[in-house]
Each structure stands twice: as structure tokens, then as C-alpha cells.
Amino acid sequence: VTALAELIARRIRMAGPITVAEYMAEALGHPEHGYYTRKDPLGRAGDFTTAPEMSQMFGELVGLWCLATWRALGEPRPFRLVELGPGRGTLMADALRALARTRPDEVHLVETSPALRAVQETTLAGAGAAWHRDLAEVPEGPMALIANELFDALPVRQFERTPEGWRERMVGLDEGGRLRFALSPAPAPCAIDRPVGAVVELAPAAIALAEAIGARVAAHPGAALIVDFAVAEPGLPTLQAVRAHGRAEPLERPGDCDLAAAVDFAALAEAGARGGARVFGPAAQGTFLRALGIGARARRLKANATAAQSAAIEAALHRLTGENAMGRLFQALAIASPSLREAPGFGGPPC
Ligand SMILES: C[S@@+](CC[C@H](N)C(=O)[O-])C[C@H]1O[C@@H](n2cnc3c(N)ncnc32)[C@H](O)[C@@H]1O
């Protein structure tokens, strides 16, 4: 039992069951024992690996996407690059290398984890970046924004259709005092038509963030690229826990396992549009990266590589774009100023 599991159990004993979203927020973001507060979870020695950690090609192409959309918007100043949830800073470092000839005027990183901010400060030493805990702290104005695997870390609420109607899934305690899922006895205000047994997930923080991004790019020239793992089959719960590159139980070892829920891209697109933006996509990550030219980039890298390096580039290309790998499971969405007519990777011209 982790220290955080004991704290959550004590809270439930005092005030009753908590929502799945409250549990997820505590497990990931508790100021002392939260998963992201405490550790750097990325890479082979950690719990999972993200696209920028697999290959420099990902961050380079995302950097070029930012440059191309900024140019298409008429090169508004300042050229402000913003990243939400920058992890180890690898994506931003690769993007800035790709933008060596057109440096952004400002780099802003939004990060809640002190452990990962420390890693970013090392990776991005000399980049002149400014750190924030919330997008609201980033100055208003033109921006090219990136969020890779940030939205799946934002808390979700879960609702289950029972024969008596919709009920919220909560986290309570079993007779032994262990955390367990239980349905709230109170009816949930849910009007979706689904069969008994269906579970829907709602991500209020993700929706609010997509709407805020939409409002920003509606008020100032800008574009945001959101890449994440997507809901494949509506009606099933997607909350999952990962530890040491394997599946774990979501209620076991809170603070020690990553928790993530698949992203509802249709809901993000609606929220961005509600904020006043033009939305492009979603597109499958494989389709998006191929349209940006990942094949040509891999060939150029392989031209100067050893046989072992070539094999690694080929393997990363497959993981990022393969139908049975991240290519279809992950999706990309752009939330942009209404004046942006076309977006690279979404049917627009290549970068
Ligand atoms: C799964 S990691 C992805 C890291 C990086 N984007 C990558 O692709 O390697 C999630 C990142 O989002 C950060 N994060 C989690 N919740 C956040 C929040 N509410 N606001 C900002 N960053 C957050 C984490 O600390 C971490 O840097």
C-alpha cells in the first residue's frame, strides 16, 4: 500500500467515495505523493515511452509543423512556441533544432511536475524558456502550441448505464479498507442513449482546456497541435494504469503507476470550435506524420547512419506510423485561428 493510497482511504473514510476524476487528480498530481510530482516516468528505465522519446523525427516534424502554420498565419510576432506537458523536454529540443534557421522569439513550457521541470531545465538549458503551471499564465498573443500525451493525463469522470439509469462510478473502500470501484446510488444527469452496461467517460478539464485554446487562437493568430491516444470504441472505460512498461491495476499503488484515459477527439474538436477556432482533423498519427514527410526524413537520417542506427530508425518509423502500433491508435488534431485555410498534415501542403 502506498502512502497516497492511505491518504485517499482516509479521505474516503471521512467524507465518502470520491469520483474517478478526483482519484486520478490525486494519483497523478498530489503535491507530495502524486505520480508526476515525484518522478520522471519516461523512457526505458521508467514506466512508458512516448513518441519524442522513440525518435528525434517526431519532435523535428512537429517543430516544422509549428513553423509552417506560423508562416501560413502571416508570421505574427512574437513567434511564441508553447508546449503543454513537455515531459523530458525532448520534443521541444528536437523542434528547436529543426527551427535553427527561424528561431522562435519565446518558448513557454506549461508543466505541473517539479521532477520533470528539473529534467526540462537541463535538456533545454540555453533555450531561454519560461515555465508556467497553467496555460492561463502564458501571455496572450500569437502562439504555436504543442501538446503530446498531455490530454490523456487529465482526469476523467466515468458513468455507467444500469437498468435503473445512469450512475457515476466512484472510488470507495471494500470491507478490508482497500480502494475499489463502486457505483454512486444517486442518479447521474446523463442523457446519452446507450445500452445497459455501457460506460462513458467525460473529461471536464480536457474539454475546458481545448475550449480555452480555441478562444486564444480565435482572439490572436495561432494554432495548436494535440497528439494523443484516442478512444477506439465508445462505450468502454479506457482508464488504464501502467508501470514498468506493463499494465497495472488503476486502484493499486496510486502515485506509483501512471494513469491515463483515451482522449475523445470529437469532444476536443467540438470544444475548440466552441471557443471560436477552426479545427483540422482528427487524423491518425501515421497518416499525419507521413503527410509531414517522415518517410523522407527517415531516409535522410539513414543515409548517414550505421547498420545498427538504420535498424533503429526503421523500428521507430514503424512504431510511430504502423497500423498496429501508434500509427492508428494515436491521433492528431489542430485547433487554429479561423484565418488558417489549410494545415500541414491535415490535407494542407507539406511543411
Ligand atoms: C505522458 S507525459 C508526456 C510528456 C511529453 N509530452 C512527451 O511526449 O514525452 C505527460 C506530461 O504532462 C505533464 N502534466 C500532467 N498533468 C499536467 C497538467 N495538468 N498541466 C501541465 N502538465 C501536466 C506531466 O508532468 C508530463 O510532463
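Visitor: Where is S184 found, and why is S184 called buried?

Guide: S184 sits in strand β8 (residues 179-187); strands are DSSP runs of E with at least two residues, helices are runs of H or I with at least four, and both are numbered from the N terminus. The relative accessible area of S184 is 15%, and buried means under 20%, with exposed over 50% and partly exposed in between (1.4 Å probe, protein chains only), so S184 counts as buried.

Guide: This is a predicted model, in which local features need pLDDT of at least 70 and side-chain atom pairs pLDDT 80 or more, while totals for chains, interfaces and linings use all residues. Residues are numbered from 1 along each chain as its sequence is written, and side-chain values use heavy atoms, without hydrogens and water.

Visitor: What does S184 touch?

Guide: Leaving out residues up to four places away in sequence, S184 touches R167, E168 and M170; contact means heavy atoms within 4.5 Å.

Visitor: Which residues of α8 are buried, and what puts them on the same side?

Guide: The buried ones are A206, L209, A210, I213, G214, R216 and V217. They cover an arc of only 160° around the axis, which puts them on the same side of α8; the arc is taken from the directions from the helix axis to the C-beta atoms.
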